[in-house]
Amino acid sequence: MTTHEIQSDGQRFIFQVVKNTTKPCPVCGVPACGKEDILWYEHNQHRMAIIFDGGYFDLAGQEFFRKKLKTINYDSLPEFMKEWNESRGWEDCWDYEGYPLDIDDFLASIDLLRSCDLEKWLTKDELDDMQALATNARKKGATLKIVRG
Ligand SMILES: [Zn+2]
């Protein structure tokens, strides 16, 4: 398993990379143009992480709300989805200590994203990986966290 290291405010954050779906940008060569979002849980002092393209993830969110906003009951949406749409909570977390997510709420969000064809920005494989990571976190009694890159 490869590791991913980030230096921020004089602190070192090391992630054990379960999956990294970012690709080097064709223009600047930097993976995801530097917008690498990380989803992880901590277990035995290791951060088990999925790294994904935050720019694409946001485009998936925008498309979800553009397609569904008129037909869904907004109040009943998972908190993760509301925070995403309202640019608060996890959506606004740039600290590598991470923003803790409610696992059931996050899994409900993954199901909603699955119900909408977002393949251009967010593949079924990526959704499967996120679901598996969240499920593992729950099995281990660990906290699921996310940070914006
Ligand atoms: Zn770029």
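The questions below ask how labels were assigned in this predicted model.

Q: Why is lysine 124 called exposed?
A: Lysine 124 has 12 C-beta neighbours inside 10 Å. The cut-off for exposed is 12 or fewer, so lysine 124 counts as exposed. Its place is in helix α4. Lysine 124 and phenylalanine 15 are 109 residues apart in sequence, and their C-alpha atoms are 23 Å apart in space.

Q: Why does lysine 35 count as partly exposed?
A: Inside 10 Å, lysine 35 has 18 C-beta neighbours. A residue is buried at 20 or more and exposed at 12 or fewer, with partly exposed in between; lysine 35 is therefore partly exposed. This residue is in the loop between β2 and β3.

Q: What does lysine 35 touch, not counting residues up to four places away in sequence?
A: Lysine 35 touches Asp53, Gly54, Gly55 and Gly149. The C-alpha atom of lysine 35 is also separated by 9.1 Å from that of tyrosine 56, which is 21 residues apart from it along the chain.

Q: What makes α3 roughly antiparallel to α4?
A: Their axes cross at roughly 165 degrees and come within 10 Å. Angles over 145 degrees count as roughly antiparallel, so α3 is roughly antiparallel to α4. The crossing of the two helices is left-handed.

Q: Which residues of α3 and α4 meet?
A: From α3 there are Ile103, Phe106, Leu107, Ile110, Leu113 and Arg114, and from α4 Leu127, Met130, Gln131, Ala134, Ala137 and Arg138. By class, this contact has 9 nonpolar, 1 polar and 2 charged residues.

Q: How do you know whether isoleucine 110 is buried, partly exposed or exposed?
A: Isoleucine 110, in helix α3, has 18 other C-beta atoms within 10 Å. Buried needs 20 or more and exposed 12 or fewer, so isoleucine 110 is partly exposed. Leaving out residues up to four places away in sequence, isoleucine 110 touches Leu127, Met130 and Gln131. Between isoleucine 110 and lysine 120 there are 16 Å in space, C-alpha to C-alpha, for 10 residues in sequence.

Q: What is noted about phi at aspartate 9 and asparagine 44?
A: Aspartate 9 has a positive phi of about 50 degrees although it is not a glycine. Asparagine 44, likewise a residue other than glycine, has a positive phi near 50 degrees. Most residues other than glycine have a negative phi. Aspartate 9 is in the loop between β1 (2-8) and β2 (11-20), while asparagine 44 lies in the loop between β3 and β4.

Q: Why are aspartate 9 and asparagine 44 called exposed?
A: Within 10 Å, aspartate 9 has 6 other C-beta atoms and asparagine 44 has 7. Exposed requires 12 or fewer, so aspartate 9 is exposed, and so is asparagine 44.

Q: Which members of the largest nonpolar core touch the most other members?
A: Of its 31 residues, these are Ile38, Leu39, Trp40, Ala49, Ile50, Ala60 and Leu133. The elements giving two or more residues to this core are β3 (36-43), β4 (46-53), α1 (54-68), α2 (79-85), α3 (103-114), α4 (124-139) and β6 (144-147). Its largest share, 5 residues, comes from β4.

Q: What is isoleucine 50 in contact with, leaving aside its neighbours within four places in sequence?
A: Isoleucine 50 is in contact with Val18, Lys19, Leu39, Asp129, Met130 and Leu133.

How values were computed: Residues are numbered from 1 along each chain as its sequence is written. This is a predicted model: local features need pLDDT of at least 70, side-chain atom pairs count only at pLDDT 80 or more; totals for chains, interfaces and linings use all residues. A nonpolar core is a set of buried Ala, Val, Leu, Ile, Met, Phe, Trp, Tyr and Cys residues joined through C-beta atoms within 7 Å. Helices (H or I, at least four residues) and strands (E, at least two) are DSSP runs, numbered from the N terminus. Two residues are in contact if their C-beta atoms, placed from the backbone, lie within 7 Å. Axes are lines fitted to C-alpha atoms, for helices over the stretch in contact, and angles run from 0 to 180 degrees between N-to-C directions. Angles under 35 degrees count as roughly parallel, over 145 as roughly antiparallel, 65 to 115 as roughly perpendicular and the rest as oblique. A crossing is left-handed if the near helix is turned anticlockwise from the far one by less than a right angle, and right-handed if clockwise. Ala, Val, Leu, Ile, Met, Phe, Trp, Tyr, Cys and Pro count as nonpolar, Asp, Glu, Lys and Arg as charged, and the others, Gly among them, as polar.
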